[in-house]
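Thanks for passing this one along. Here are a few notes to read with the model open beside you.

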Amino acid sequence: MEFGHPYAVLRPVRSGNAFEETIEHLLQAIKVGLFPRGEKLPPERELAAHLGVSRATLRDALAELQRAGFIDVRRGRYGGTYILGSPAAPAESGEPLNPELCQDALIFRSVVEPGAAELAAKSSLSAPARQHLQACLADVLEADETTYRTRDARFHIAVAELSDCPSLVAAVTDARARVSALLDQIPLLGTNLTHSNQQHVALTESILQGDSRRARTLMADHLEGTASLLRGFMP
């Protein structure tokens with residue numbers, strides 16, 4: 001699978017709850033920016049095969065996502081399924097941060113992401129792998145406030161992709177989706193974004209230079225900054 005392809009992250013459905021898991025996996029992919037606004041989803045036959053579900057199940061899931069306003073299914077010559085946007089931010093509901101959920105997500109993330117960064121730095125990276133990481137870094141550095149969090153998520157997933165461990169990629173994607181939901185409940189702070197991007201640059205350099213110890217340390221420090229913000233905004 002090529003680097004950056006959504007199928008490298010979008011997991012097949014594994015339980016008997018095919019419809020519900022299909023909804024979950026597609027929404028997670030939209031949430032972390034694997035399928036950006038305006039992008040066309042892969043053909044139904046291909047997507048259903050990758051998810052390991054029937055086309056009927058996939059169509060049911062897509063119909064519900066269309067009713068909920070996440071996608072637009074168009075017919076005709078230029079038809080297809082297009083992304084309208086990511087799930088609404090929890091902040092819009094006025095719900096405060098849940099300390100238990102926040103702590104659980106932060107602990108999980110602190111375990112999986114530094115390990116992913118370390119493995120990425122230890123890997124013998126191909127030219128496409130290096131280019132993929134650099135492209136994701138460039139995207140997040142150029143992001144504005146409306147696109148920053150999805151591009152930030154994509155950068156973190158790209159680091160995991162370089163670990164060459166699909167299970168770890170899935171774990172980081174899950175961790176990032178949880179943290180994204182929490183971050184949507186607090187404001188974007190310009191100074192924090194500047195600092196985060198400085199850390200992104202340093203992390204990328206350490207991975208490309210093969211400095212696994214530094215990559216792990218930088219990722220851990222980076223995650224602690226996010227954790228500090230979330231703890232500060234907790235009720």
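1. The side chains of Ser54 and Thr57 make a polar contact at 3.0 Å (a pair of N or O atoms within 3.5 Å; within protein, one must be able to donate a hydrogen and the other to accept it, and residues adjacent in sequence count only if both atoms are side-chain atoms). Ser54 sits in the loop between α2 and α3 and is partly exposed, at 38% relative accessible area. Here buried means under 20%, exposed over 50%, and partly exposed in between, with a 1.4 Å probe and protein chains only.

2. A word on the source: this is a predicted model, where local features need pLDDT of at least 70 and side-chain atom pairs count only at pLDDT 80 or more, while totals for chains, interfaces and linings use all residues. Residues are numbered from 1 along each chain as its sequence is written, and side-chain values use heavy atoms, leaving out hydrogens and water.

3. Thr57 is also one of the buried residues of α3, along with Leu58, Ala61, Leu62 and Leu65. They lie on the same side of α3, because they cover an arc of only 130° around the axis, taken from the directions from the helix axis to the C-beta atoms. What covers them includes α1 (18-31), α2 (44-51), β1 (71-74) and β2 (80-83).

4. Just after α3, have a look at Gly69, which takes a positive phi of about 90°.

5. Another serine, Ser206, belongs to helix α8 (residues 190-208). Ser206 is buried, with a relative accessible area of 0%. A polar atom of its side chain lies 2.7 Å from the backbone oxygen of Leu203.

Notes
Helix = DSSP H or I, 4+ residues; strand = E, 2+ residues; numbered from the N terminus. Contact = heavy atoms within 4.5 Å.
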